[in-house]
Amino acid sequence: MTGDTAQGSPAVLLRCEGAVDEDTLEYARTKIDAVVTRPGLPAVTGEVRIVRAAAHHADRPWSATADLHVGSRQVVVLAEEATGTEVVDQLQDRLRRQTDKAAHASDDSHRTAAPPWRGGDPA
C-alpha cells in the first residue's frame with residue numbers, strides 16, 4: 001500500500017509505503033511540522049517517505065527518508081529503526097540537525113568580506 005497525506009504544511013509531502021498505520025502517520029506529521037515550521041528557518045519544501053518492510057524477520061523493518069530543500073540547500077536524511085515511533089523520533093533528530101546546518105550555511109550575515117586581492121571592496 002502506498003499513501004499520500006496532504007495534512008499540515010503543504011510544502012512537505014508525507015508518503016507511506018507498506019503497512020503504516022494512521023497513528024504513526026499522524027505522529028510523523030506532528031514531528032516533521034515541528035522541525036520545518038520553526039521561526040527563522042527559510043522556506044522548506046520536499047518529501048518525507050515512511051516505509052514498513054513486509055519481511056517480518058528484518059531487525060529494523062521501519063525506514064524513513066526525507067528529501068527537503070531548505071532555502072537553496074538540499075537536505076537528505078535517512079533513518080531505520082524497529083518501530084514506527086522510533087524511526088520518526090530518529091528522523092526528527094536528524095532533520096533538526098541538518099536543517100539547522102542548512103539554515104546557518106545560507107546565512108550571509110556571518111561571512112567576512114573578501115580581501116581586495118580576491119575581488120572584495122578595498123577598504
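Predicted model: local features only at pLDDT ≥ 70, side-chain atom pairs only at ≥ 80, totals over all residues.
User: Which side chain does R49 meet in a salt bridge?
Analyst: R49 meets E17, at 2.9 Å from N to O. R49 lies in strand β3 (residues 44-52) and E17 in strand β2 (residues 12-17), so the pair ties together parts that are 32 residues apart in sequence.

User: Are those two buried or partly exposed?
Analyst: R49 is partly exposed, at 26% relative accessibility. E17 is partly exposed too, with a relative accessible area of 31%.

User: What about helix α1? Which residue pairs with R29?
Analyst: That is D33, with 3.2 Å from N to O in the salt bridge. R29 and D33 are four residues apart in helix α1, so about one helical turn separates them.

User: Buried or exposed?
Analyst: R29 is buried, at 3% relative accessibility. D33 is buried as well, at 16%.

User: And where does R38 come in?
Analyst: The side chain of R38 forms a salt bridge with D100, at 2.8 Å from N to O. This pair links distant parts of the chain: D100 is in helix α2 (residues 84-105), and R38 is in the loop between α1 and β3. They are 62 residues apart. R38 is buried because its relative accessible area, 17%, is under 20%. D100, at 29%, is partly exposed.

User: New topic. Which residues form the negative surface patch?
Analyst: D21, E22, D23 and E26 form it. E26 sits in helix α1 (residues 22-36). E26 counts as partly exposed, at 40% relative accessibility.

Notes. Residues numbered from 1 in each chain as written. Heavy atoms only, no water. Patch = residues over 30% accessible without salt bridge, like charges linked within 9 Å, V, L, I, M, F, W, Y side chains within 5 Å. Areas by Shrake-Rupley, 256 points an atom, 1.4 Å probe, with all protein chains shown as cover. Salt bridge = Lys/Arg side-chain N within 4 Å of Asp/Glu carboxyl O. Lys, Arg positive; Asp, Glu negative; His and termini not counted. Charge placed at Lys NZ, Arg CZ, Asp CG, Glu CD. Helix = DSSP H or I, 4+ residues; strand = E, 2+ residues; numbered from the N terminus. Buried < 20%, exposed > 50% of the residue type's maximum accessible area, 1.4 Å probe, protein only.
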